[in-house]
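Hi everyone, thanks for coming. I'd like to walk you through a structure that may be new to you, so please have a look at it first.

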Amino acid sequence: MTDNALRYSLNDAFRRYNLRTGLSFEGAKAALFDMDGIIFDSMPGHARAWMQMCREEGIPADEDEFFMYEGRTGASTINILYRRHYGREATPEEIERLYHRKTVLFKAMPEVNLIPGAREALKACADAGITPVLVTGSGQGSLLERLSVEFPAAFPPGRRITGRDVARGKPHPEPYLKGIAAAGDDIRPSACIAIDNAPLGVKSAAASGAFTIGVRTGPIPRGMLAEYGADIEIDSMLQCTKIISWLL
Ligand code: MG
């Protein structure tokens with residue numbers, strides 16, 4: 001997409017946002033960043049770790065289904081598998097055991113790369129005086145620790161909402177609403193952009209009232225993020241960086 005086409009889509013998206021929410025976008029004061037598939041190219045590793053956990057437990061599963069569950073908490077994904085295979089929810093002990101096993105399997109995988117453009121997007125926020133906040137369904141300690149190493153200034157502890165901080169994960173709006181609250185006392189949804197790569201993630205973001213940018217960094221069909229509520233659907237974090245720089 002050319003810069004002009006992207007600018008045109010963005011203006012169009014702001015008009016649709018104002019109609020959709022009844023709010024008027026007031027310029028970005030905060031940017032809510034999802035982690036997996038937005039900052040780290042970690043989704044293929046997560047899908048493989050879930051698959052291996054399922055094989056060990058004798059629970060049939062398909063690797064692609066984990067891309068559709070992305071954004072859910074670990075507990076919620078385990079309950080989907082349990083309801084389908086055992087016809088019941090998992091107990092808290094089962095959830096703890098299986099999620100622990102999945103995180104161990106993920107941690108043993110080769111180190112994940114950053115998503116191209118993620119570092120630039122955070123730099124663009126810093127340049128524009130936009131406060132970044134992390135809003136992830138993940139509770140993966142290894143990635144959260146790495147975030148502290150790669151981006152120590154961007155995501156201090158008070159500006160991180162993880163899977164362990166919410167009662168209801170994405171697609172419920174709670175994670176993004178908590179992210180907006182963490183951005184600052186005086187920050188309203190109409191002063192926030194939310195950046196997510198998963199259908200359930202953009203659904204959560206759109207319901208929070210933030211201007212929602214869906215980024216297709218994985219095997220999600222074109223148009224699906226818009227269908228789930230993204231105000232604009234783009235193909236890369238490099239395009240996202242351009243959008244952030246234009247919000248100045
Ligand atoms: Mg994601």
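Before we start, one term: a residue is called exposed when its relative accessible area is over 50%, and buried when that area is under 20%. Please also keep in mind that this is a predicted model.

Let's begin with helix α1. On its face turned away from the buried side, α1 carries the exposed residues Asn4, Tyr8 and Leu19. Which residues of α1 are buried? They are Leu6, Leu10, Ala13, Phe14 and Tyr17. If you look down the axis of α1, these buried residues fall within an arc of 105°, so they line one face of the helix. And what do they pack against? The partners are β5, at 211–215, β6, at 232–234, and helix α11, at 237–246.

Just after α1 comes Gly22, with a positive phi of about 75°.

Now to the sheet. It is an open sheet of six strands with parallel pairing, and the order is β3-β2-β1-β4-β5-β6. Which strands sit at the edges? Those are β3, residues 160–161, and β6, each of which pairs on one side only.

Let's walk across part of that sheet. Strand β2, residues 131–135, pairs with β3 in the parallel sense over two bridges, and Val135 stands opposite Ile161 in β3. Moving on, β2 and β1 run parallel and are joined by four bridges; here Ala30 has Thr131 of β2 opposite to it. On to the next pair: β1 and β4 are also parallel, with four bridges joining them, and Phe33 has Ile195 in β4 as its bridge partner.

In soluble globular proteins, nonpolar side chains tend to be buried together. In this model, the largest nonpolar core has 62 residues, and those with the most contacts inside it are Phe33, Ile193, Ile195, Phe211, Ile213 and Ile244. Which element gives the largest share of this core? It is helix α2, residues 43–57, with seven residues. Apart from this core lies another one, of 13 residues, including Val135, Ala183, Ala191 and Ala210.

Ile195 lies in strand β4, and at 0% relative accessibility Ile195 counts as buried. Beyond its neighbours within four places in sequence, Ile195 is in contact with residues that include Leu32, Phe33, Asp34, Tyr176, Ile213 and Ile244. Ile244, leaving out its own neighbours within four places, is in contact with Phe33, Ala121, Ala124, Cys125, Ile130, Ile193 and Ile195.

Asp36 lies in the loop between β1 and α2, and Asn197 in the loop between β4 and α9, so the pair ties together parts that are 161 residues apart in sequence. Are these two buried or exposed? Asp36 is buried, with a relative accessible area of 6%, and Asn197, at 6% relative accessibility, counts as buried.

Thr136 links back to that site. This residue lies in the loop between β2 and α7, and at 2% relative accessibility Thr136 counts as buried. Not counting residues up to four places away in sequence, Thr136 touches Asp34 and Asp36, and among its other contacts are Met35, Leu144, Ile161 and Lys170.

One last stop: Thr77, in helix α4, residues 74–86. Thr77 is buried, with a relative accessible area of 3%. Leaving aside its neighbours within four places in sequence, Thr77 is in contact with Trp50, Phe66, Tyr69 and Arg72.

Notes
Residues numbered from 1 in each chain as written. Predicted model: local features only at pLDDT ≥ 70, side-chain atom pairs only at ≥ 80, totals over all residues. Heavy atoms only, no water. Buried < 20%, exposed > 50% of the residue type's maximum accessible area, 1.4 Å probe, protein only. Arc of directions from axis to C-beta. Contact = heavy atoms within 4.5 Å. Core = buried A, V, L, I, M, F, W, Y, C linked by side-chain atoms within 4.5 Å. Pairing = 2+ DSSP bridges.
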